[in-house]
Amino acid sequence: MSDIQQTASDLYEQFSDHVDVTEDEIEERLDRLVSEYKVPLSEARRSVESHYLDEAGLERDDIGSRGGNETVQVEDVDEAEQWVDITAKVVDLWEPRSDSVGQVGLLGDPTGTIKFTKWAKSDLPELDEDTVYRFGNVVTDEYQGRFSVKLNRTTTIEELDEDLEVGDNAETVEGALVDIQSGSGLIKRCPEEDCTRVLQNGRCSEHGEVEGEFDLRIKGVLDDGEDVHEVIFNDESTESLTGIGLEEAKQMAKDALDTTVVADEMRDRVLGRYYRVSGPTLGRYVLANDIEELSAPDDAEAVLIKARSM
């Protein structure tokens with residue numbers, strides 16, 4: 001069975017009770033997006049899923065994954081919109097900022113911690129701090145490189161009479177900042193509720209063409225002479241690193257009629273400098289929570305030449 005056929009089968013299982021559709025029709029829709037429009041299969045799946053959600057008049061949280069989910073640990077969560085099971089301790093609970101949120105906080109297991117959100121409309125039991133639960137059918141999410149999990153009306157929660165050691169998934173790396181990758185500088189994110197995807201040519205992979213909201217980000221590469229480390233700086237850490245805030249960046253882009261000038265200016269200010277960066281690791285990235293500029297090494301000129309050549 002091909003990947004497209006397997007995806008069609010999974011979607012059919014999700015929607016067969018809600019819309020009048022065959023597995024072949026779903027496969028044909030997926031194949032057209034992948035083969036004719038060259039859309040990655042993961043994005044094609046989200047597009048087809050959104051189509052049938054609209055047709056059925058359902059919310060995404062109304063349709064959970066059927067069949068057995070993969071049981072994961074915190075460090076395994078490195079992709080958005082995956083239905084998974086997870087066993088974790090409620091490490092911390094925060095005050096929700098929205099009436100739509102029932103509870104929000106941190107879950108932890110031996111591999112690290114991750115943010116969770118439990119929707120008010122989900123009608124799930126209240127969670128207690130320092131208590132271990134087995135969560136079934138939660139969906140993963142991502143914002144600015146930070147992954148999280150959402151508890152919805154299809155989620156099952158089982159309290160466990162056990163303790164769980166919570167690990168620290170933070171990492172400290174240092175080196176010369178030798179590259180600022182594509183997708184850095186002044187970017188736009190999808191403004192739809194609970195969606196913060198970075199727009200590509202004005203399009204969100206899930207919601208299509210939208211009027212995005214400006215944000216700052218740097219996807220950088222640190223090189224210590226032996227290893228390279230990919231690092232993500234969010235809006236606050238980007239401003240701390242470069243001295244360029246969001247309003248200044250928007251004005252720069254407005255004056256030049258070009259958003260790329262922001263990333264170019266950032267490159268001029270920070271490439272070749274030496275930094276120590278600390279933060280949690282998500283996938284291949286270190287998220288820059290703490291930044292310290294270090295003294296330049298003896299061969300700083302060689303480092304700068306390397307940075308400018310990338």
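Buried means under 20% relative accessible area, exposed over 50%, and partly exposed in between, with a 1.4 Å probe and protein chains only. By that rule Phe135 is buried, with a relative accessible area of 1%.

This is a predicted model: local features need pLDDT of at least 70, side-chain atom pairs count only at pLDDT 80 or more, and totals for chains, interfaces and linings use all residues. Residues are numbered from 1 along each chain as its sequence is written, and side-chain values use heavy atoms, leaving out hydrogens and water.

**Overall make-up**

The chain has seven helices and 16 strands. Helices (H or I, at least four residues) and strands (E, at least two) are DSSP runs, numbered from the N terminus. Of the 310 residues of the chain, 45% count as buried. Contact means heavy atoms within 4.5 Å. Among contacts between residues at least 6 apart in sequence, 60% join residues at least 24 apart.

**Aromatic pairs**

Rings of Phe, Tyr and Trp (its six-membered ring) pair if their centres lie within 6.5 Å; planes under 30 degrees apart count as stacked, over 60 as edge-to-face and the rest as tilted. A search of the whole structure finds two such pairs. The rings of Phe15 and Tyr52 have planes at 45 degrees and centres 5.8 Å apart, so this pair is tilted. It links distant parts of the chain: Phe15 lies in helix H1 (residues 3–15) and Tyr52 in helix H3 (residues 41–56), 37 residues apart. Phe15 and Tyr52 are buried. The rings of Tyr133 and Phe135 have centres 5.7 Å apart and planes at 45 degrees, so that pair is tilted.

**Strand E9 and its surroundings**

Four of the five residues of strand E9 (residues 185–189) are buried, so the strand is largely enclosed by the rest of the structure. E9 pairs with strand E12 (residues 213–223) in the antiparallel sense, over five bridges. Two strands pair if DSSP finds at least two bridges between them. Leu186 stands opposite Leu216 in E12.

The charged end of Lys188 sits over the ring of Phe214, 4.7 Å from its centre. Here the criterion is NZ of Lys or CZ of Arg within 6 Å of the ring centre and within 35 degrees of the ring normal.

Gln181 is in the loop between strand E8 (170–180) and E9. Its side chain makes a polar contact with the side chain of Glu230 (3.2 Å). A polar contact is a pair of N or O atoms within 3.5 Å; within protein, one must be able to donate a hydrogen and the other to accept it, and residues adjacent in sequence count only if both atoms are side-chain atoms. Not counting residues up to four places away in sequence, Gln181 touches Lys219, Val221, Glu230, Arg267 and Tyr285.

**Val84**

Val84 is in strand E2 (residues 83–94). Val84 and Asn137 are 53 residues apart in sequence and 5.4 Å apart in space, C-alpha to C-alpha. Leaving aside neighbours within four places in sequence, the contacts of Val84 include Asn69, Val72, Phe135 and Asn137.

**Buried side by side**

| Residue | Relative accessibility |
|---|---|
| Tyr133 | 3% |
| Gln181 | 19% |
| Cys190 | 3% |
| Cys204 | 2% |
| Val84 | 6% |

A search of the whole structure finds zero disulfides, a disulfide being a pair of cysteine sulfur atoms within 2.5 Å.
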